[in-house]
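Here is a friendly walk through one structure, taken a few spots at a time. Keep the 3D view open and follow along.

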Amino acid sequence: MFGASLLVVPAQAQKKEINEARTIIKSGQKLEQAEKLMIDLLGKSAENRQNLKIYATWYDAVEAQYIQANEKLYLKEKYDTAAFFNLTRRLYDIAQSLDSLDAMPDKKGRVKPEYRKRNSQTLNQLRPNLYSGGIYHFQHTQYDEAYDFFSLYLDAANQPLFSDYHYAETDSLMPTAAYWATLCGYRQNDADKTLHYAKLAQAYQPRAQYVLQYQCEAYLQQKNKEGILETLREGFRRYPLYPYFFPRLADYYTTEGRNDSLMVIAEYGLSVDSENPLFLLAKSLALLNTEKYDECIEVSLQMIAINDTLPEPYYNISTCYLNQALMLEEKGEPRKYRQQIEQLYADARPYLEKYRELVPNDKQRWAPGLYRIYLNLNMGSEFEEIDHLMRD
């Protein structure tokens with residue numbers, strides 16, 4: 001008898017506090033107190049956390065607060081906007097916890113959620129508040145809070161509570177919300193958050209190129225080389241003129257000595273914009289690195305005709321001529337090739353001098369070449385000036 005009474009007392013306490021909370025809710029006064037009663041109950045024991053009525057009463061207490069807040073906003077009375085959005089978020093959190101418990105099978109294995117239909121109908125109508133709450137916090141640079149709102153909005157598509165609404169198929173705002181969530185993660189320098197909704201965010205066409213850029217930055221943060229390359233390739237394929245993807249992809253191929261891949265992306269870019277200096281430069285570099293000097297000179301001259309202020313084509317042309325001269329010198333027949341060699345140095349001279357004029361501080365690139373040119377062309381004063389410069 002004594003043992004039985006110990007079991008009854010907690011149940012009676014639960015019932016008393018639940019009834020007290022419901023009385024408060026019915027009165028419409030001190031609704032936060034009703035909510036606190038339920039939160040305290042849930043914290044008292046594991047048994048309480050399995051009690052549907054506690055969650056349902058908690059939900060009702062917050063819903064009543066939401067109704068009052070909404071009325072104040074409708075009547076244009078003063079109310080904390082952030083607090084209003086937070087009520088919607090709390091309703092979602094509570095309802096999902098309630099639904100998880102409500103959907104557990106009974107002793108016969110049957111699943112008959114009692115609260116799902118009512119709560120899902122209410123929360124479906126309030127779901128736009130989650131999106132608006134995300135935007136509100138984003139505008140106030142509260143990216144962590146904003147991300148939570150967008151996450152709730154998006155994850156509703158996978159919640160059994162909302163299975164009747166098929167958000168993934170019917171809600172056209174999903175990619176936009178995913179974009180904002182991705183941007184929130186990016187602004188927080190949180191790679192995991194940045195990547196979590198990025199795939200869906202790519203479907204938001206007005207900002208898809210930015211999403212791919214954020215993905216690259218997140219993969220870089222994670223040191224995920226495969227992810228970086230895959231995203232750079234995808235970004236360049238879809239947005240060849242967006243300035244982020246091509247330079248990084250070209251730099252990678254150049255560093256790795258993959259001149260064939262460098263040529264492929266350069267040609268693809270030129271098929272979109274035949275006069276783009278970055279694509280032409282990459283093509284000239286690929287040709288230079290594969291010792292196709294005449295073709296490299298031709299492409300570099302094309303660049304100069306389009307824009308004669310870019311230094312790189314001048315350097316590439318001079319390098320082609322210098323390398324051709326070196327190839328003849330290495331044959332070991334100076335008399336036979338002397339005239340050709342001198343001509344190649346003479347051809348290289350104006351281009352390397354122009355490069356020096358455009359980039360005077362880049363001595364490590366132009367000084368050794370000019371040294372060879374002036375030496376082989378017997379240009380005394382010019383040679384002495386370069387020789388002195390290199391000694392210093």
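Lys30 sits in the loop between H1 and H2. This is a predicted model, and in it Lys30 has a phi near 50°, a positive value in a residue other than glycine. Is Lys30 buried or exposed? It counts as exposed, because its relative accessibility is 62% and the cut-off for exposed is over 50%.

Now hop along to the loop between H8 and H9, where you'll find Asn189. Asn189 isn't a glycine either, yet its phi is positive, at about 55°. Its relative accessibility is 57%, so Asn189 counts as exposed.

## Salt bridges between helices

Side chains of opposite charge can pair when their charged atoms come close. How many salt bridges does a search of the whole structure find? The search turns up 20.

Start with Glu17 and Lys44, whose side chains meet in a salt bridge at 3.5 Å, N to O. This pair links distant parts of the chain: Glu17 belongs to helix H1 (residues 2-27) and Lys44 to helix H2 (residues 31-44), 27 residues apart.

Next up is Asp144, which forms a salt bridge with Lys193; their closest N and O atoms are 2.6 Å apart. Because Asp144 lies in helix H6 (residues 143-155) and Lys193 in helix H9 (residues 191-196), the pair ties together parts that are 49 residues apart in sequence. Asp144 is partly exposed, at 38% relative accessibility, while Lys193 is buried, at 16%.

## Around H18

Arg356 and Glu385 make another salt bridge, with 2.8 Å between the closest N and O atoms. Here the link runs from Arg356 in helix H18 (residues 334-358) to Glu385 in helix H20 (residues 380-391), distant parts of the chain that are 29 residues apart. Arg356 is partly exposed, with 23% relative accessibility, and Glu385 is partly exposed too, with 34%. Elsewhere, salt bridges that share partners join Arg22, Asp60 and Arg118 into one network.

H18 also packs with helix H19 (residues 363-376), at an angle of about 145° and with the axes 9 Å apart. The crossing of H18 and H19 is left-handed. On the H18 side, the residues in contact include Tyr345, Ala348, Leu352 and Arg356; on the H19 side, they include Trp366, Gly369, Leu370 and Ile373. What classes of residue make up the contact of H18 with H19? There are eight nonpolar, two polar and six charged residues.

## H5 meets H8

For another helix pair, look at H5 (residues 116-139) and H8 (residues 174-187): their axes come within 11 Å and cross at roughly 30°. The crossing of H5 and H8 is left-handed. H5 brings Arg127, Tyr131, Ile135 and Phe138 to the contact, and H8 brings Met174, Thr176, Ala177, Trp180, Leu183, Cys184 and Arg187. Sorted by class, the residues of the contact of H5 with H8 are eight nonpolar, one polar and two charged.

The cluster is formed by Phe138, Tyr143, Tyr179, Trp180 and Tyr204.

## Rings in pairs

A pair of aromatic rings is described by the distance of the centres and the angle of the planes. The count for this structure comes to 27 aromatic pairs.

Why is the pair of Tyr186 and Tyr214 called stacked? Their ring centres are 4.2 Å apart and their planes lie at 25°, and planes under 30 degrees apart count as stacked. Tyr186 lies in helix H8 and Tyr214 in helix H11 (residues 208-222), so the pair ties together parts that are 28 residues apart in sequence. Tyr186 is partly exposed, with a relative accessible area of 27%, whereas Tyr214 is buried, with 9%.

Key. Residues are numbered from 1 along each chain as its sequence is written. This is a predicted model: local features need pLDDT of at least 70, side-chain atom pairs count only at pLDDT 80 or more; totals for chains, interfaces and linings use all residues. Side-chain values use heavy atoms; hydrogens and water are left out. Axes are lines fitted to C-alpha atoms, for helices over the stretch in contact, and angles run from 0 to 180 degrees between N-to-C directions. Helices (H or I, at least four residues) and strands (E, at least two) are DSSP runs, numbered from the N terminus. A crossing is left-handed if the near helix is turned anticlockwise from the far one by less than a right angle, and right-handed if clockwise. Contact means heavy atoms within 4.5 Å. Ala, Val, Leu, Ile, Met, Phe, Trp, Tyr, Cys and Pro count as nonpolar, Asp, Glu, Lys and Arg as charged, and the others, Gly among them, as polar. A salt bridge is a side-chain nitrogen of Lys or Arg within 4 Å of a carboxyl oxygen of Asp or Glu. Buried means under 20% relative accessible area, exposed over 50%, partly exposed in between (1.4 Å probe, protein chains only). Rings of Phe, Tyr and Trp (its six-membered ring) pair if their centres lie within 6.5 Å; planes under 30 degrees apart count as stacked, over 60 as edge-to-face and the rest as tilted.
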